[in-house]
Amino acid sequence: MNLILFIFIVLLGFTSYYFGRKKAYTIQSTKKRLTALPQFYGYYLAIWCAIPAFIIFSLWAIFEPTIVKLLILSDYSNQGYLDDELNLIYEKTKALSRGQFTGEITPFIDASAEKYLSLRSIAQSSKVVIVLSAIIASVAYAYKRISSNSRTREPVEKFLNAVLFTASLAAILTTVGIVFSLIFQTIDFFKVIPLFDFVFGTHWYPAKAFVRDSSEALDPTMYSDTFGAVPIFAGTFFIAFIAMCVAIPIGLMSGIYLAEYASAKVRQYAKPLIEILAGIPTVVYGFFAALTVGPFLKELGTSMGLEVSAESALAAGGVMGIMIIPFISSLSDDVITSVPQSLRDGSYAMGATKSETIKRVIFPAALPGIVGSILLGVSRAIGETMIVVMASGLAANLTLNPLESTSTITAQIVVILIGDQAFGDPKTQAAFALGMSLFLVTLCLNIVALRVVKKYREKYE
Amino acid sequence: MIKIKAKDVDVFYGKKQALFNISLDIEENQVTALIGPSGCGKSTFLRCLNRMNDVIDICSVKGEILINDFNINDKSCDVVRLREKIGMVFQKPNPFPKTLYENVSYGPTIHGMAQSKQEMDEIVETSLKKAALWEEVKDRLHEPGTGLSGGQQQRLCIARAISVRPEVILMDEPCSALDPIATAQIEELIDELKKEHTIIIVTHSMAQAARVSQNTGFFHLGQLIEHGSTDKIFKNPDNTKTQDYITGRFG
């Protein structure tokens with residue numbers, strides 16, 4: 001029903017556009033000069049159609065459920081029901097009206113459901129009537145008003161401005177909402193687990209929190225030595241470090257090769273091939289790391305007399321590095337290519353060789369962009385989940401030995417949230433605390449990246 | 001004395017021929033101006049003289065260019081040494097994104113011309129003095145070169161070019177991006193520089209060619225129509241096309 005109404009309103013919008021433009025043409029044919037192009041008259045009318053429809057729809061969406069509920073529950077007032085019971089009755093009524101109620105049907109509820117259905121259908125048909133009459137009234141009003149010297153261009157531009165503003169506002173509000181939900185859950189978590197224990201504790205063992213029976217009272221002391229985040233922060237940065245050790249040199253060098261040395265033909269094929277690496281799903285990298293690289297490193301280590309865990313930080317970090325190569329190579333290729341040719345010419349004309357030119361002129365000029373691409377790679381590495389979950393193990397060891405298994409923030413969030421979760425439980429809230437810290441780390445990285453880039457820009461532009 | 005001798009130079013961009021059979025002698029310690037309408041091959045010819053056309057993949061150069069009686073198109077020619085001897089200043093000032101000091105010391109560094117910091121300081125100072133920029137920038141040698149005004153940037157590029165004491169300086173419309181005052185400064189500088197360097201300047205301004213040069217070559221559609229002393233070309237050219245261009249009837 002709503003869909004049909006919506007389509008009808010869209011059709012009405014097109015019709016009003018058509019009539020608005022037509023009226024403009026009529027005015028034009030009487031040799032009067034218009035204040036705007038005829039299309040603007042059309043858009044103007046279409047907006048007059050869209051705005052009332054939008055307002056009424058939103059008002060309806062907000063108030064209809066509340067009003068219906070009030071009307072239904074008015075039958076039960078003065079009968080001494082508690083609020084919770086009233087809510088339950090209302091839920092039962094709704095379920096019954098949808099035919100999804102499975103319990104015992106009392107005559108009361110049956111009557112309520114009947115009433116509910118009739119109220120809904122009244123609401124629905126009155127909505128149709130009100131929306132359509134409002135649209136027709138407003139469009140007719142606007143249609144009468146437009147004349148050769150009425151302003152149509154400005155309102156249309158303003159409307160577009162408002163639409164675009166709303167779109168960006170939606171994105172911003174979502175971000176703010178996510179951050180706030182993180183903050184509140186994190187605060188709850190730190191009410192049970194002291195901040196100090198989380199930041200400086202060296203034992204991360206959330207499995208211990210599984211044993212609590214939910215009927216038991218929350219006893220903070222049982223969580224001591226459970227949520228110490230140092231090992232997983234260390235693991236995160238350690239694996240990211242290994243990844244960057246792989247990705248930065250290879251990515252940068254291949255970027256420089258593509259931008260400066262490769263012939264147009266090689267570049268034409270090589271660049272998309274490298275970028276394919278970026279299109280491989282991380283879960284594929286994950287089992288590649290877990291099933292191929294990990295065992296290979298283990299065997300290699302054994303043959304050299306080293307003890308290598310099958311799930312090692314080295315395997316996860318190395319594969320993650322390969323995943324990040326295309327980001328760094330492609331982005332640095334772009335920034336190097338965008339260094340003006342005049343700088344290259346200037347350097348060559350001084351008798352510099354290609355490598356001298358790259359090292360002394362092009363690289364410094366491209367540095368802000370290159371630093372940006374590296375920091376982007378770092379935040380990818382820190383936020384990467386799948387490879388670590390599959391290849392690096394889930395036990396949070398505090399170690400700096402790349403041959404042992406270790407774990408990261410993202411992997412621990414996965415561990416905590418897989419399976420059944422109890423809301424309001426420290427174990428679940430730990431995920432929010434971890435998410436919050438991850439968010440803070442990447443935020444800081446981004447701020448640093450922007451600072452660095454800006455500093456170099458100021459210096460060299 | 002003749003410094004550069006071009007013999008039957010043809011230049012191709014892919015299949016398109018850009019220069020036809022150019023033969024031109026350049027006098028030592030004089031200013032030679034190359035004039036002509038846009039796209040007629042002046043800059044292309046200029047770029048042949050320090051093999052800058054090597055940078056363009058599809059460009060090929062045929063013919064002989066003798067500098068000090070040595071053919072620079074010969075396989076045995078070392079481009080690095082050649083460009084050390086033949087400096088170039090471009091149309092748009094292109095200082096490197098480095099400090100003033102690093103801009104000027106760039107050439108001497110890559111050619112290993114200074115043994116110590118003092119020597120390098122001296123080279124930088126003399127180059128900037130010769131480029132008539134020293135007084136304006138001596139207190140801010142360690143600020144970025146890109147912070148200067150357009151005219152100062154171009155003089156910085158000239159200082160960069162002369163820092164390796166080249167025998168020849170090629171200038172590709174060095175004043176086209178500058179205002180009249182900066183242009184006058186550069187022209188004055190060119191006059192000064194010709195005492196120690198041979199200068200070849202591509203210019204769109206005939207007035208500029210008349211002011212700064214002793215010899216002029218007129219290019220049209222990839223051909224060298226006429227060349228000779230600037231006096232003769234401007235007052236009494238042999239070719240009617242030259243006459244027409246000089247008097248502004250086309251171009």
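How many bridges join S3(B) to strand S8 of chain B, and in which sense do they run? I looked this up at the start. The model is predicted. S3(B) and S8(B), residues 198–202, run parallel and are joined by 4 bridges. I then picked out a facing pair: B:Thr32 stands opposite B:Ile200 in S8(B).

**Entry: the sheet in chain B**

Next I traced the sheet around these strands. I found 6 strands of chain B in an open sheet, in the order S6-S7-S8-S3-S9-S10. The pairing is mixed. From one strand to the next, the twist averages 15 degrees. I also checked the edges. S6 and S10 of chain B each have a single partner strand, so one side of each has no neighbour in the sheet.

I looked for a helix lying over the sheet. Helix H6 of chain B, residues 150–162, lies across S6 and strand S7 (168–172) of chain B. H6(B) runs at about 170 degrees to S6(B).

**Entry: strand S9**

Is S9(B) buried or exposed? I went through residues 215–220 of chain B. Of the 6 residues in this strand, 6 are buried, so S9(B) is largely enclosed by the rest of the structure. To count as buried, a residue needs 20 or more other C-beta atoms within 10 Å of its own.

I then sorted the residues by direction. B:Asn215, B:Gly217 and B:Phe219 point one way from S9(B). B:Thr216, B:Phe218 and B:His220 point the other way.

Which strands pair with S9(B)? Strand S3 of chain B, residues 31–35, pairs with S9(B) in the parallel sense over 4 bridges. Here B:Thr216 is the bridge partner of B:Ala33. Strand S10 of chain B, residues 223–229, pairs with S9(B) in the antiparallel sense over 6 bridges. There I noted B:Asn215 opposite B:Ser229.

S9(B) and S10(B) form a hairpin, with 2 residues between them. In the turn, B:Leu221 has a positive phi of about 50 degrees.

**Entry: B:Asn29**

Where is B:Asn29 found? I located B:Asn29 in the loop between strand S2 (16–27) and S3 of chain B. I counted 15 C-beta neighbours inside 10 Å, so B:Asn29 is partly exposed.

I asked what lies around this residue. Leaving aside neighbours within four places in sequence, B:Asn29 is in contact with B:Lys194, B:Lys195 and B:Thr198. I also checked B:Leu193, which is 164 residues from B:Asn29 along the chain. The C-alpha atoms of B:Asn29 and B:Leu193 are separated by 8.6 Å.

**Entry: chain A**

I turned to chain A and its domains. Chain A is divided into domain 1 (2–151) and domain 2 (223–460). The centres of these domains, taken over C-alpha atoms, are 51 Å apart.

Then I looked at a helix pair. Helix H7 of chain A (residues 230–261) packs with helix H10 of chain A (residues 313–337) at an angle of about 35 degrees. The axes of H7(A) and H10(A) are 6 Å apart. H7(A) passes H10(A) in a right-handed crossing.

**Entry: where the chains meet**

How many residues does each chain give to the contact? I noted 22 residues from chain B and 18 residues from chain A. On the side of chain B, the elements that give two or more residues are helix H2 (79–85), strand S6 (86–89) and helix H3 (100–110). By class, this side of chain B has 11 nonpolar, 6 polar and 5 charged residues.

Methods. Residues are numbered from 1 along each chain as its sequence is written. Chains are lettered from A and ligands numbered from 1 in the order in which they are written. This is a predicted model: local features need pLDDT of at least 70, side-chain atom pairs count only at pLDDT 80 or more; totals for chains, interfaces and linings use all residues. Two residues are in contact if their C-beta atoms, placed from the backbone, lie within 7 Å. Ala, Val, Leu, Ile, Met, Phe, Trp, Tyr, Cys and Pro count as nonpolar, Asp, Glu, Lys and Arg as charged, and the others, Gly among them, as polar. Domain bounds come from an automatic or database domain assignment. Axes are lines fitted to C-alpha atoms, for helices over the stretch in contact, and angles run from 0 to 180 degrees between N-to-C directions. A crossing is left-handed if the near helix is turned anticlockwise from the far one by less than a right angle, and right-handed if clockwise. A residue is buried if 20 or more other C-beta atoms lie within 10 Å of its own, exposed if 12 or fewer, and partly exposed in between; C-beta atoms are placed from the backbone. Two strands pair if DSSP finds at least two bridges between them.
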